Amino acid sequence: MASLPVPSVQAVVSATGGADVPPRYLRPEAAEDAVADAGEDQVPIIDYRMLTMDHGEEAARLHRACQDWGFFQLINHGVPDDVVEGLKASIQEFFQLPAERKKQFAVERGQLEGYGQLFVFSEDQKLDWGDMLYLYTQPPKDRNMRFWPDQPANFRSTLDKYSAAVKDIADSLLATMAKNLGLKPEVIADKCVGGIQSVRMNYYPPCAQADKVVGLSPHSDADLLTLVLQVNQVQGLQIKRNGSWFPVKPLEGAFIVNIGDMFEIFTNGRYRSIEHRAVVDTKEERLSVAAFHSPNNHATIGPLKEITVNEDEAYKTVDHDNFMKLFFSKKLEGKSFLDRLKVKSS
């Protein structure tokens with residue numbers, strides 16, 4: 001992988017779930033944000049099996065979900081249960097390891113991969129209430145096994161199978177989305193030959209003052225498409241919708257899929273990435289795993305010419321390396337990263 005600018009400070013959480021929260025994690029302003037009634041509506045549900053059968057109504061449903069929500073839940077995705085459950089078990093076992101054992105895989109200065117936290121730039125910056133393990137998983141030649149845990153024993157083999165299966169699904173979804181936008185599938189697919197997949201495994205400890213901390217700061221993802229698997233059934237994902245935070249209720253075994261900044265740029269804003277965050281529970285830990293899918297290193301990131309034939313480009317065009325350098329150069333803060341790439345109207 002190309003070298004990227006990384007935070008000058010690396011942090012590893014030592015949250016215990018006790019009554020006292022270290023000041024550096026206190027974010028009392030989080031409690032002031034409006035949260036929508038979870039019973040009002042729900043994220044659209046898309047049946048992957050029907051999509052693969054070229055079911056027109058399901059493809060249309062996907063198009064509406066991408067336009068209106070930027071998020072959807074994907075059922076009947078076909079990833080074998082033993083692969084999914086094996087990964088869940090491996091992640092739970094890894095985060096249960098003693099702190100000293102996990103720190104053997106800690107993020108190193110000058111690296112993005114490993115265990116700890118990203119987007120930490122100063123000693124006084126407020127921290128998220130969570131640990132993560134971040135790894136490059138596809139293509140296999142980009143893997144740095146130095147950061148792949150060797151405990152539990154089947155961690156590496158399970159993640160290998162899972163990452164390949166999920167990338168196939170992402171590629172298939174991108175092809176259908178291209179058709180929905182009136183594009184030839186290869187317009188996007190060609191940029192994703194040898195495309196990059198990274199996986200972030202998230203652990204959010206319980207917190208007695210859960211309303212005063214944030215598990216993961218509000219942001220939109222930088223990639224094309226993200227597939228999230230809920231490892232246990234503790235809810236915590238919230239998306240920004242109509243000015244409020246909207247809680248997502250994960251369906252058992254489903255993937256939660258969302259549009260990333262790159263796709264918003266490719267489509268010149270037809271599909272938009274959505275700001276989201278993670279909150280924590282007062283009594284129970286929460287675990288999830290997010291698989292991020294991006295084009296290959298040689299792709300340029302900008303509005304597709306097939307989209308902008310009769311309209312002005314709303315976003316700048318940059319090469320893939322510079323795009324990622326920009327993303328990792330500042331802390332997570334809503335959609336501020338994408339705002340920097342918008343073409344300013346005169």
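Which residue in β11 is the bridge partner of glutamine 238? Arginine 277 is, and we'll come back to that residue once the ground is laid.

First, some housekeeping. This is a predicted model, in which local features need pLDDT of at least 70 and side-chain atom pairs count only at pLDDT 80 or more, while totals for chains, interfaces and linings use all residues. Residues are numbered from 1 along each chain as its sequence is written, and side-chain values use heavy atoms, with hydrogens and water left out.

Now the overall picture. The chain has nine helices and 14 strands, taken as DSSP runs numbered from the N terminus (helices are H or I with at least four residues, strands are E with at least two). Of the 346 residues, 56% are buried; here buried means under 20% relative accessible area, exposed means over 50%, and partly exposed is in between, with a 1.4 Å probe and protein chains only. The chain exposes about 14900 Å², and carbon and sulfur atoms supply 48% of that (Shrake-Rupley areas with a 1.4 Å probe; for residues, only the protein chains shown count as cover). Take the contacts (heavy atoms within 4.5 Å) between residues at least 6 apart in sequence: 80% of them join residues at least 24 apart.

Back to the strands. β8 (residues 237–241) runs antiparallel to β11 (residues 276–278), with three bridges between them; two strands pair if DSSP finds at least two bridges. β8 also runs antiparallel to β9 (residues 244–247), this time with four bridges, and isoleucine 239 has phenylalanine 246 as its bridge partner in β9. The β8–β9 hairpin has two residues between its strands. Asparagine 242, in the loop there, has a positive phi of about 55° although it is not a glycine. Asparagine 242 counts as exposed because its relative accessibility is 74%.

Asparagine 76, in the loop between β2 (71–75) and α3 (81–95), has a positive phi of about 50°. At 34% relative accessibility, asparagine 76 counts as partly exposed.

A cis peptide bond joins glutamine 138 to proline 139, with omega about -5°. Proline 152 is found in the loop between β4 and α5 too, and a cis peptide bond joins glutamine 151 to proline 152, with omega about -5°.

On to charges. A search of the whole structure finds 14 salt bridges, each a side-chain nitrogen of Lys or Arg within 4 Å of a carboxyl oxygen of Asp or Glu. One of them brings back arginine 277, which pairs with aspartate 33, the closest N and O atoms being 3.1 Å apart. Arginine 277 lies in β11 and aspartate 33 in the segment before β1 (45–47), so the pair ties together parts that are 244 residues apart in sequence. Arginine 277 is buried at 5% relative accessible area, whereas aspartate 33 is partly exposed at 34%.

Glutamate 264, in helix α7 (residues 261–266), also forms a salt bridge, with arginine 272 (3.2 Å, N to O). Glutamate 264 counts as buried because its relative accessibility is 0%, while arginine 272 is partly exposed at 43%. Not counting residues up to four places away in sequence, glutamate 264 touches Tyr271, Tyr315, Lys335 and Leu338, among others.

Beyond four places in sequence, the contacts of arginine 200 include Met132, Leu216 and Phe292.

Last stop: leucine 181, in the loop between α5 (155–180) and α6 (185–189). Leucine 181 counts as buried because its relative accessibility is 16%. Leucine 181 and isoleucine 307 are 126 residues apart in sequence and 8.5 Å apart in space, C-alpha to C-alpha.
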